[in-house]
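This report covers selected side chains, ring pairs and strands. The sequence and the model come first, and the notes follow.

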Amino acid sequence: MNLQKENILIVDDDIDILELLQRHLKSWSYHTYKAISVKEAVHILRDTHIDLLITDLKMPEVDGFELIKFASEHYPNVPKLVVTGYPSVQDSLTAIKVGVVDYLTKPFTKAELQTAIEKSFSPKDNLASNTKVNLSEQTQQAYGDIIGKSEKINDVIQIIERVKNNKATIFIKGESGTGKELVARAIHYQGKFSRAPFITVNCGGIPENLLESELFGYTKGAFTGAEKDRNGFFQAANNGTIFLDEIGNASLAVQSRLLRVLQEKEVVKVGSQRAEKIEVRIIAATNSDLKKMIEKQTFREDLYYRLTVVEINVAPLRERKEDIPLLVDKFLLKYGIEYKDRFIKISNKALEVLKRYHWVGNIRELENVIQHAVIMCDGIIEVEHLPDTLKINIDFPNDNRLLPLKEIEKRYILKVLNATDNNKTKASKILGIDRKTLRNKLEN
């Protein structure tokens, strides 16, 4: 997927329409920002370069007409496209008067949407070619601490290039060990806010009863042991970036406070009634399925949609195996110097074993394997220095070992993946399950 086209802001309080529009736009390689209210849309317009505004008209509190008028005066060169479920001649005339280039009535077809977007961009056909980021050489080396030259990594870097200089809220999704924090750091340190604070908070590493006070601070006497006023992580990150890792671990009380930060740009310390204004970019990440948590009512739906203004999916290592040699070089240099005071090499056979393996633990697992191998080798890593779990295993029919059903299932899935050269579509057909189920069984 090539994410080198224009930035499109879509505004609608109907979540289903919002997600449908985003899916269509992504399929055409446009980069999207989402807002579920006019207030959020204004924040994004102020912080971000937007090439097209797509908005509904009928929305609670402030309607889409106000947004169109605002954008027409503040951002006159940004084309506006209206999608609405409540068409009227008067609305159409009013919209055209304030500079709307097209007017779509729900339900509309994908083809109708594409035609309207192409019409919106027709005066600026050369915009996409002027805004492309040439990363072919850059990704051969590193982007911040992100290593890789695969298309999946290139997609991630393209999005980082889009968002690094604005304060839009960003949601990073990926399996454990894929490097979500490296992506968050790259967003902060590659942009113009790099000198401002970058604060990392592992929401899963702080006890639930302490997370609220750690994030927002507390006042003297707020609870037993609170002997003086203290700022929290949000105050420490003011004017910079706060990275909330494993956001799915946050309690509903913390989620409610986070929602206030996103809506009002202010925090209230535990034990205080006074709100403090704050300017901070929020990056959240998780390897949990937040949509399932929403169904179970353990994660707030309104917070989810405010956190996912921009989404970045970090692919697992098994889906970008061409990056393995570059990552191996990085870890060989790191641990070779640390443990041996020199650069360690790896044989071609050992590298082939690494490239063949499925890497359920992703980059973190690869780093651990290289770290161990560097310690065990005498200057060059051979197959013998790699753990047996990476090497070919024979499943004998008369193997009498008693294993949990889950382990037997996982081993068979890996065997089928190896037989199909990691082709998940083929493997899913052989196993009689869909790709999502296959992915879940590998992660669990």
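## Strand 3 and Thr55

Helices (H or I, at least four residues) and strands (E, at least two) are DSSP runs, numbered from the N terminus. Thr55 belongs to strand 3, which covers residues 52–55. The model is predicted: local features need pLDDT of at least 70, side-chain atom pairs count only at pLDDT 80 or more, and totals for chains, interfaces and linings use all residues. Residues are numbered from 1 along each chain as its sequence is written, and side-chain values use heavy atoms, with hydrogens and water left out.

Burial is judged by relative accessible area: buried is under 20%, exposed is over 50%, and partly exposed is in between (1.4 Å probe, protein chains only). Thr55 has a relative accessible area of 0%, so Thr55 is buried. Leaving aside residues up to four places away in sequence, Thr55 is in contact (heavy atoms within 4.5 Å) with Val11, Gly64, Leu67, Ile68, Leu81, Val82 and Val83.

## Aromatic pairs

Rings of Phe, Tyr and Trp (its six-membered ring) pair if their centres lie within 6.5 Å; planes under 30 degrees apart count as stacked, over 60 as edge-to-face and the rest as tilted. This rule gives eight aromatic pairs. In one of them, Tyr189 and Phe198 have ring centres 5.7 Å apart and planes at 50°, so the pair is tilted. Tyr189 is partly exposed at 41% relative accessible area, while Phe198 is buried at 10%.

The rings of Tyr335 and Tyr339 have centres 5.8 Å apart and planes at 10°, so this pair is stacked. Both residues are in helix 14 (residues 324–340), and because they are four residues apart, about one helical turn separates them. Tyr335 is buried, at 6%, and Tyr339 is partly exposed, at 35%. Elsewhere, ring pairs join Phe171, Tyr304 and Tyr305 into a cluster.

## A charge over a ring

A charge sits over a ring if NZ of Lys or CZ of Arg is within 6 Å of the ring centre and within 35 degrees of the ring normal. Lys167 lies over the face of Phe193, 4.7 Å from the ring centre.

Two strands pair if DSSP finds at least two bridges between them. Five strands form an open sheet in the order 9-10-13-8-14, with parallel pairing. Strand 9 (198–202) and strand 14 (310–313) are the edge strands, each pairing on one side only.

Strand 8 (residues 170–173) runs parallel to strand 14 and is joined to it by four bridges. Ile170 has Val310 in strand 14 as its bridge partner.
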